[in-house]
Amino acid sequence: ISCNNVLIIYLSALSAQTLNFFSYIYRYAAEADSHIRADMNSSNECVFCEIATTDRVIDQTDHCFVIRDAFPVTEGHTLIIPKRHVPDYFDLNSIEASEIQHLLTKHKLQIEQSDKSVDGFNIGVNVGTTAGQTVFHVHVHLIPRRIGDVENPKGGVRGVIPAKQQH
């Protein structure tokens, strides 16, 4: 007996009312999913969706693009962004995540080669309002660091909660 035969036998044992219920749930879920996907792919009022096709793009792959941050923390502050409108990092698919990693490494090396004063990097992603996300299209910050750019860099990204930076 194949899986299809088992499914047919199982479904034939269900009442018409039960089948109608499952059919309704399936249609509702499919419709909801299509609306969610449409919203996720919408470029309405998304600054990164709008930038994706402009001359601000300095590099790109099939699924991601790179720009310099419009409000840089340091010189060379770079953003790596998926082309697909994705709200946060945990919604990335494996291809997007892989391409982001590739572009992070590539641009880290380019920044180091073009600016010998760069001595380190912070890589950051804000996920959710509580974490400081203001644009709900995932973007990964690559922030070049230089000796003396802050008084005491110890703790690095732990500084998002200043009392926890020094440990």
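User: What should I know about the numbering and the confidence limits before I start?

Analyst: Residues are numbered from 1 along each chain as its sequence is written, and side-chain values use heavy atoms, with hydrogens and water left out. Since this is a predicted model, local features need pLDDT of at least 70 and side-chain atom pairs count only at pLDDT 80 or more, while totals for chains, interfaces and linings use all residues.

User: Thanks! How many helices and strands does the protein have?

Analyst: Helices (H or I, at least four residues) and strands (E, at least two) are DSSP runs, numbered from the N terminus. Here the protein has five helices and five strands. Along the sequence they follow the pattern α-α-α-β-β-β-α-β-β-α.

User: In what order do the strands form the sheet?

Analyst: Two strands pair if DSSP finds at least two bridges between them. In this protein, five strands form an open sheet in the order β1-β2-β3-β5-β4, with antiparallel pairing. β1 (59-60) and β4 (118-124) stand at the edges with a single partner strand each, so one side of each has no neighbour in the sheet.

User: Which residues are bridge partners?

Analyst: Let's walk across the sheet. β1 and β2 (residues 64-68) pair over two bridges, and Gln60 has Phe65 in β2 as its bridge partner. Five bridges then join β2 to β3, where Phe65 is partnered by Ile81. Three bridges join β3 to β5, and Leu79 stands opposite His141 in β5.

User: Is β3 buried or exposed?

Analyst: Buried means under 20% relative accessible area, exposed over 50%, and partly exposed in between (1.4 Å probe, protein chains only). Five of the five residues of β3 are buried, so this strand is largely enclosed by the rest of the structure. Both of its faces are covered: Thr78, Ile80 and Pro82 lie on one side, and Leu79 and Ile81 on the other. For the protein as a whole, 28% of the 167 residues count as buried.

User: Where does helix α4 lie?

Analyst: Axes are lines fitted to C-alpha atoms, for helices over the stretch in contact, and angles run from 0 to 180 degrees between N-to-C directions. Contact means heavy atoms within 4.5 Å. Helix α4 (residues 94-114) lies across β1, β2, β3 (78-82), β4 and β5 (140-146), at about 35 degrees to β2. With 1% relative accessibility, Leu103 counts as buried, and Leu103 touches Asp59, Thr61, Cys64, Val66 and Ile80, leaving out residues up to four places away in sequence.

User: Which residues touch the most other members of the largest nonpolar core?

Analyst: A nonpolar core is a set of buried Ala, Val, Leu, Ile, Met, Phe, Trp, Tyr and Cys residues joined through side-chain atoms within 4.5 Å. The largest one has 13 residues, and Ile80, Leu92, Ile100, Leu103, Leu104 and Leu142 touch the most other members. Two or more residues come from each of β2, α4 and β5, and α4 gives the largest share, four residues. Apart from this core lies another of nine residues, including Phe48 and Val57.

User: With which side chain does Asp115 make a polar contact?

Analyst: A polar contact is a pair of N or O atoms within 3.5 Å; within protein, one must be able to donate a hydrogen and the other to accept it, and residues adjacent in sequence count only if both atoms are side-chain atoms. Asp115 sits in the loop between α4 and β4 and, at 16% relative accessibility, counts as buried. Its side chain makes a polar contact with the side chain of Arg146 (2.7 Å).
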